[in-house]
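Here is a structure to look through together, one question at a time. Keep the viewer open and follow along.

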Amino acid sequence: MSQILVLGGGVAGLSSAIALAQKGHEVTILESRPYPGGRASSYSAPHSEPPETIDNCQHILLKCCVNLIDFYDRLGVRDQIRFHDEFYFVEPGGHISLFRKGALPPPFHFTESFAGLEFLNLGEKLSIGRAILALRRQRKSRRDLDSITMLDWLREQRQKPRAIERFWRQILVSAINEELDRMSAAHGFQVFYLGFLAAADTYEMGIPQVPLSHLYSEEIWSRVPNATLRLRTPVRRVQVEDGKVVSVVTDSGTFTADHYISALPFHVMPSVIPDLPLDLSLFEYSPITGIHLWFDRPVTILPHATLLDRTIHWMYNKGQGRYLLLVASASRSLTDKSRQEVVDLAVEELGEFMPAVRQAKVVRSHVAKEQRATFSAKPGLEAARPGVATPFANLSLAGDWTRTGWPSTMEGAVRSGYLAAEHATTALGQPARILFPDIA
Ligand SMILES: Cc1cc2nc3c(=O)[nH]c(=O)nc-3n(C[C@H](O)[C@H](O)[C@H](O)COP(=O)(O)OP(=O)(O)OC[C@H]3O[C@@H](n4cnc5c(N)ncnc54)[C@H](O)[C@@H]3O)c2cc1C
């Protein structure tokens, strides 16, 4: 069996590794941090007594993330993901509109629920309905979707400002982690179509019931045959000679293999693999801020909610209504605020949606500002995303930023990992099909 080195133990690296190990290859993952999972990982909450493991930020998936679900299957942790089929849109003041599928077949399965949304008026709903039909029609036929922003397209469809703000922005900015005026319409179309139109259940939101790090813990990993996870092993340099990779230099020694997969983030590529010609000039990051709040009493009974018209986009109930995780996507407006200012803003805003917050006391808080959360899915980037093949026959490229057709998500990361695993098996003369195609 062939020996394969995977550089980077994020979701992309781990998914390529497990797929190859299950095919019988001998796989070693080199990860610089003391834990696997990369951007989708957990750590001990500061000042928690007894120690509590929290996620760096809430990570959710939709049922259309077929490769990510397959990855969880391979790890034996799929039952740790709970799918929710009801969304709660909450207005300042606390009014809640419920969104869930009804009796009609797709793509009309949200008609009843949509008609009942109280935060939009009839004119706004009709204009959104027209735009959804146009999105279905134009999805395959328009060639310019990656050269315009989603906002350009919504304006072209004469969407009313409140329809943009309260419907399109609310859904898409969280899904793609970018503002509508910076987001390629191609990504807006792809996520909206797959999540809300392609099938009746693809919108269902999966929330891990355990901290992310438990999904791919060292203990789970130790049970994967043929795979070795080496933590605290930063790769310093990939050595290339005569058009192929010959070794990988780390702080713990030099490693060699029959094939190599790079699953590193784009910003480290020039220093770790300087021989790889990559034009990364269009790549930039978009931030996400996670605000963890522990109250002295329950402040909500909702499992989760999307919050309209404010800085905070989502609330996740992480424990009996007392521990809430709030998420602000594309959170550039919070970058320069101090952690205390972020907490104060979050508590102030939350009080507008959940009056019980005003009587409660915050006993503990933690703010995780991830400046390098996701790549910015801006127009023109698709053509610049590199594919899995490199000029070196024994090196495959993975990572959510490579050309997966998906924005920066765990599904995109797994897709890249599976594509790299397929590419590796072909290079090794034993081609295998691993990737699941999109459901539509
Ligand atoms: C706050 C936040 C919230 C998010 N929310 C969601 C969500 O709700 N749903 C969703 O689908 N996605 C979400 N994402 C995006 C998702 O986390 C990423 O798209 C995905 O995890 C990327 O995986 P990756 O393996 O491509 O990259 P990474 O996770 O960045 O993995 C790269 C790995 O390489 C390691 N590494 C770097 N340099 C070296 C080196 N020199 N040597 C060895 N190892 C190295 C890193 O430590 C890391 O483990 C979120 C991201 C963030 C930050």
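Q: How far apart do the C-alpha centres of domain 1 and domain 3 lie?
A: This is a predicted model, and its chain is divided into domain 1 (3-37 + 216-282 + 379-427), domain 2 (44-82 + 285-375) and domain 3 (102-200). Between the C-alpha centres of domain 1 and domain 3 the distance is 34 Å.

Q: How many residues does the contact take from domain 1, and how many from domain 3?
A: Contact here means heavy atoms within 4.5 Å. By that rule, domain 1 gives ten residues and domain 3 gives 13 residues.

Q: Which residues in domain 1 lose the most area to domain 3?
A: The two domains bury about 710 Å² between them, with 60% of it on carbon and sulfur atoms. On the side of domain 1, three residues together make up 66% of what that side buries. They are Pro379, Glu382 and Pro407.

Q: How many residue pairs are in polar contact across the interface of domain 1 and domain 3?
A: The side of domain 1 that touches domain 3 has five nonpolar, three polar and two charged residues. Salt bridges between the two domains number zero. For polar contact, with both residues at pLDDT 80 or more, the count of residue pairs is four.

Q: Which residue caps the N-terminal end of H7?
A: Helix H7 spans residues 185-197, and twelve of its 13 residues are buried, including Phe189, Val191 and Leu194. At its N-terminal end, a side-chain oxygen lies 3.1 Å from the backbone nitrogen of alanine 186. That oxygen belongs to the capping residue, serine 184.

How values were computed: Residues numbered from 1 in each chain as written. Predicted model: local features only at pLDDT ≥ 70, side-chain atom pairs only at ≥ 80, totals over all residues. Heavy atoms only, no water. Buried < 20%, exposed > 50% of the residue type's maximum accessible area, 1.4 Å probe, protein only. Helix = DSSP H or I, 4+ residues; strand = E, 2+ residues; numbered from the N terminus. Polar contact = N/O pair within 3.5 Å; in protein donor to acceptor, adjacent residues only side chain to side chain. Domains from an automatic or database assignment. Buried area = accessible area lost by both parts, 1.4 Å probe. Salt bridge = Lys/Arg side-chain N within 4 Å of Asp/Glu carboxyl O. Nonpolar A, V, L, I, M, F, W, Y, C, P; charged D, E, K, R; others polar.
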